[in-house]
Amino acid sequence: MDPKVTVIVPTYNVEKYISKCLTSLINQTYNQIQIFVVSDGSKDNSIQIAQEFEKKDSRVKVLLKENGGYGSVLEFAINKLRTDYFLVCDPDDWLTPNAIKELIEFAEKDNLDLVVGDKYKVFLEDNSQKYINSFDKKYNISPKKVYTSSTDIQRFAFGEGSPHAKLFRSEVAKNIAFPHKVSYTDTILYEVSLLNSKRVAYYNSALAYYLIDRPGNTMTDKSEKSLRDHLVVMKSIFEQTLNHANKQPVILYYLYSLVIQFLNESSCHKNFLKKSNHKKVIFYLINSLQPYEATIYAFVNKEENGKRKFIFKGLMNKRFRSAFIKIYQVYLQKK
């Protein structure tokens, strides 16, 4: 039988972990899959290990490319998709045995463009696990309910952005632009796919295991390079959202929230926003929200406390925003 689901495994120097990942994939209870192990110029034995799986299981395809970063892998693999659906499983993570079966049966039953499942975070030090819900209760996203309005679908933007336990219809990701040589581009995949989706649902079961604290995990990286990568990813999400015909007030509010989150995260590096290029990008992002000030403020006024409303007014004020950001950063550094 022809495969219905492709699993993309972006691979770079993960020889310690990839066997566990691939074993979880070939042992799925759902058989109509193909597995793209995409080497992003990996320099260790990761690909040799994957090629051993390829010899034993015809569903495994090892694909080689020059190093270009996570986004380049997604771009490369998505362009090769011939299945109706795909998911991404990072090579240091793994799936529950029924993960793909549950996701594809749920998606096909309700003709879904995107299914968002839950996950377990796994901590390397003591191998403990923590169940992670994809959505905070305040976003009022009901399990197994099919959402079809753009406003409702775009509330999903506030969920966990990593690719774990997410099943995408291939068509919704075909024209997404991914910057190369930066991390965190999986967030672009999720957010822009939501813009392209017409039927979305939340599947409230943990179907993936996320190894959170291994050496080299970008999600625990707090370096300046990490912040620069976040800035590139934010800019890409902003531009693809604001150029999209399907943007709604909810997604504009989400974009504003990204700016606040970034200002908070960058405060741990005192001089980061003093660098002219970084500052230019932040002002570019804020300026791009300016035409939607009233729309965004309607959400800020409804959802946020007094401090966050004050921050919004400060950022939207063209005359004083530069001074406001400096003061806000100083305040964060003293907390």
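Hi everyone, this is a short tour of one predicted protein model, from the overall fold to its largest pocket.

Some ground rules: local features need pLDDT of at least 70, side-chain atom pairs count only at pLDDT 80 or more, and totals for chains, interfaces and linings use all residues. Residues are numbered from 1 along each chain as its sequence is written, and side-chain values use heavy atoms, with hydrogens and water left out.

Let's start with the whole chain. There are 12 helices and nine strands, taken as DSSP runs (helices are H or I, at least four residues; strands are E, at least two) and numbered from the N terminus. A compact globule of 335 residues would have a radius of gyration near 20 Å, and the protein chain agrees because its value is 20 Å; that is over C-alpha atoms, with the rule 2.2 Å times the number of residues to the power 0.38. The C-alpha trace spans about 65 × 40 × 35 Å along its principal axes.

Now, the largest pocket. For us, a pocket is an open set of points on a 1 Å grid over the protein atoms alone, where a 1.4 Å probe fits, with protein on both sides within 12 Å along at least five of seven lines; lining residues have an atom within 4 Å of a point. Probe spheres set on the points, joined across faces, edges and corners, fill the volume, about 1,200 Å³ here.

Which residues lie nearest its centre? Among the 42 lining residues, those are Gly-159, Gly-161, Leu-258, Gln-261 and Glu-265. Helix H8 (249-266) is one of the elements supplying at least two lining residues, and H8 gives the most, with eight.
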